[in-house]
Amino acid sequence: MTNLIVIDCHDLGQHLGCYGQETVPSPNLDALAARGVRFANSFCTAPQCSPSRAGLYTGRFAHANGMLGLAHPPFNWRMHPDEVHLARYLQAAGYHTAHIGVQHVTTRTEDAVHALGFDSVAPTPAPLEIVRKAADFLKSAHDRPFFLNIGFDEPHRDAHGRYTQAAPDRSRGVRIPPYLPQTPEAADEFAELQGVIGLMDAAVGHIWDALEASGLRDDTWLIFTTDHGLAMPRAKCTLYDPGIQTALIMHAPGLGLTGGRVYDPMISNVDLVPTLLDMLGLPIPDNLHGRSFADLLRGQPYSPRVEVFAGKTFHTAYEPQRAIRTDRYKLIWNAEVDIINVPGDIMHSPIYPQMIDRLTVERPPLELYDLQADPLEMHNL
């Protein structure tokens, strides 16, 4: 049976070199994409941490699984007691299940063990400690297949809303995404962000080295993804593409996921659980909202998604929005038009005051964008 490692991180979107961000120092993840496969059009179902992760690991949308907002205090949202996490499916199939690092579906270690289905949990936010614990896990004797779930906090902003976990990185220059102002303040902040992404990328490289050293690489399906977009205005907590596009990279020699292929069909993060179960030969429950893309991975006839769905109900406040995205169009429904909810960490950004006039306006009930003519979603049709 195939081992499984799923690495997730916070607030990254697709801000990596392998996704065209040439100034981002992400050599290890770029190398993983070159060895494995990369999904160009991967999206989350919710542009905030806990709802997205609950969808990612249950295969069900947040409005169904109960995780309508953030899991940590003072918000304390929880999935419904009968929801099944990926760890539980694999535990029932005989896998040893372990979590190392940060997880944002629940905040208590005992919940991760009893409610989510992990045999062991090692909570730590420090990248070097995560790497050490992951290496120790991979060196230990395994008499059955394992599911190792690794969570990095980076590149989440720090408690003061800044990127201070690593030194700024301008080694490849600095590129500011076009949906943000091209200002010196933005350039400085993106240099800081690039340093923190580099810190996380280096940790992923150490995990790859530990996997190779363990002799388990060829028997392991390694997946890297993130919860939602960058913690920047018009990204995190919005339903614009910078908020819902996510990195998704896989490597699995035993499953043929090698060679640097790039898959273009749209993928939703609720599709991951049914795909994993399908590829691992396990039954797929009827109540999942995601659809397996295993046939795409197997090189068999595959009908791609026509649309992906995303939504937000709560972050730090109530702000109900829903969206449907096709290859060409994006429709956003703002169920409440007079609520403005810019995340607190983004309010600390020096970019925020430069965009405040655009961010603190009443929204229309509906927004429709032609993504071919208007990829930055600036002209509401």
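1. How are H6 and H7 oriented to each other: roughly parallel or roughly antiparallel? In this predicted model, the axes of helix H6 (residues 127-139) and helix H7 (residues 184-214) come within 9 Å and cross at roughly 10°. Angles under 35 degrees count as roughly parallel, and H6 and H7 are therefore roughly parallel to each other. The crossing in which H6 passes H7 is right-handed.

2. On the H6 side, the contact between these two helices is made by Pro-127, Val-131, Ala-134, Ala-135 and Leu-138, while H7 contributes Leu-199, Ala-203, His-206, Ile-207, Ala-210, Leu-211 and Ser-214. Sorted by class, the contact of H6 with H7 comprises 10 nonpolar and two polar residues, with no charged residues.

3. Helix H7 itself has 31 residues, and the distance from its first C-alpha to its last is 45 Å, close to the 45 Å expected at 1.5 Å a residue. Just after H7 comes Gly-215, which takes a positive phi of about 80°.

4. Eight strands make up an open sheet with mixed pairing, in the order S5-S4-S6-S1-S7-S8-S2-S9. Its edges are strand S5 (120-122) and strand S9 (261-263), each of which pairs on one side only. On average, and with direction ignored, neighbouring strands of this sheet are turned by 15° against each other.

5. Within that order, strand S4 (residues 96-101) pairs with strand S6 (residues 146-152) in the parallel sense, over six bridges, and Ala-98 stands opposite Leu-148 in S6. Helix H6 lies across strand S1 (3-9), S4, S5 and S6, and runs at about 170° to S6. Helix H9 (residues 272-279) also packs on the sheet, where it touches S1, strand S7 (220-226) and strand S8 (248-251), and the direction of H9 makes about 175° with that of S7.

6. A further open sheet has four strands in the order S11-S12-S13-S14, and here the pairing is antiparallel. Strand S11 (308-314) and strand S14 (366-370) are the edge strands, each pairing on one side only, and the twist from one strand to the next averages 10°. Inside this sheet, strand S12 (residues 318-325) and strand S13 (residues 329-334) run antiparallel and are joined by five bridges, with Ile-324 standing opposite Leu-331 in S13.

Technical notes
Residues numbered from 1 in each chain as written. Predicted model: local features only at pLDDT ≥ 70, side-chain atom pairs only at ≥ 80, totals over all residues. Heavy atoms only, no water. Axes fitted to C-alpha atoms, helices over the stretch in contact; angles between N-to-C directions. Parallel < 35°, antiparallel > 145°, perpendicular 65-115°, else oblique. Left-handed = near helix turned anticlockwise from the far one by under 90°. Contact = heavy atoms within 4.5 Å. Nonpolar A, V, L, I, M, F, W, Y, C, P; charged D, E, K, R; others polar. Pairing = 2+ DSSP bridges. Expected span 1.5 Å × (residues − 1).
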